[in-house]
Amino acid sequence: MSAASFDPDLLRRRLEGINLYLVGMMGAGKSAVGRPLAQALGYRFVDADTAIEQVAGRSIPSLFADEGEAGFRSLETAVLGQIAGWHSLVVATGGGVVTRPENWGHMRQGVVIWLDAPEAVLLRRLSTDPTPRPLLSSSDPAARLRALLQERLPLYGQADLRISQGDGTPDQVAAQVLESLPSVLKSPETTPPQPVILQNAEGQTLSSLN
């Protein structure tokens, strides 16, 4: 299935404006996949890290340097709470957003989608990505990534939907999400085949509940 072949109107009606939250390790392609996904659905795209930088007035590495990871996570939770108050969004979250229960509380108001990618793919992508990664500031980034991945795998596993990806393009992964989304959405309500007849204890038909 391609992003162009699905019925966007039907899927939008089933979503009813609920937000989609993309989670996964750094390098999983959350921002790259989020943009075509939002476009296909007629949703707005929000990069949570960019929103945090806008609120803080400084970069993520600067926040980590000045406030530490705990300070960054607190701000991340506050920003995510504001985002949860909006609707019809595809939100690309930071890799560690799953480590705080409060964040799950915000994201559970929508659908949480785990973009899962093999460790080798993550390493290859990150090696060519110029974006500063404070949590990978280590003499052995590969070992640090492996440790973070093992720590977070059980948390990512709590997502509503898991998308296993290889070397697919962002458009192809977005198509995977679109194809899989209906499986985690509630079934559309159906009209009863005939009117419901209300009766009292004596078996008399009632015209109302009053």
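Which side chain does a polar contact of 2.7 Å join to that of asparagine 103? I looked this up in a predicted model, and the partner is threonine 77.

**Entry 1: asparagine 103.** I placed asparagine 103 in helix 5, which covers residues 101-107. Besides the threonine 77 contact, I found that the side chain of asparagine 103 reaches the backbone oxygen of valine 97 at 2.8 Å. Setting aside neighbours within four places in sequence, I listed Glu76, Thr77, Leu80 and Val97 as the residues in contact with asparagine 103.

**Entry 2: the nonpolar core.** I next examined the largest nonpolar core, which has 57 residues. Leu20, Leu37, Ile113 and Leu115 touch the most other members. Helix 4, residues 60-83, supplies the largest share of this core, with 7 residues. For isoleucine 113, again leaving out neighbours within four places in sequence, I recorded contacts that include Leu20, Tyr21, Leu22 and Val23, and also Ala159, Leu161, Ile163, Val177 and Leu181.

**Entry 3: the largest pocket.** I noted a volume of about 630 Å³ for the largest pocket. Its lining comprises 33 residues, of which Met26, Asp49, Gly94, Thr131 and Arg133 are the closest to the centre. By class, I counted 13 nonpolar, 10 polar and 10 charged residues in the lining. Helix 2 (30-41), helix 3 (48-56), helix 4 and helix 6 (119-127) each contribute at least two lining residues. Helix 4 gives the most to this lining, with 6 residues.

Conventions. Residues numbered from 1 in each chain as written. Predicted model: local features only at pLDDT ≥ 70, side-chain atom pairs only at ≥ 80, totals over all residues. Heavy atoms only, no water. Core = buried A, V, L, I, M, F, W, Y, C linked by side-chain atoms within 4.5 Å. Buried < 20%, exposed > 50% of the residue type's maximum accessible area, 1.4 Å probe, protein only. Helix = DSSP H or I, 4+ residues; strand = E, 2+ residues; numbered from the N terminus. Contact = heavy atoms within 4.5 Å. 1 Å grid on protein atoms, 1.4 Å probe; cavity = no way out; pocket = protein on both sides within 12 Å on 5 of 7 lines; lining within 4 Å. Points joined across faces, edges and corners; volume = space filled by probe spheres on them. Nonpolar A, V, L, I, M, F, W, Y, C, P; charged D, E, K, R; others polar. Polar contact = N/O pair within 3.5 Å; in protein donor to acceptor, adjacent residues only side chain to side chain.
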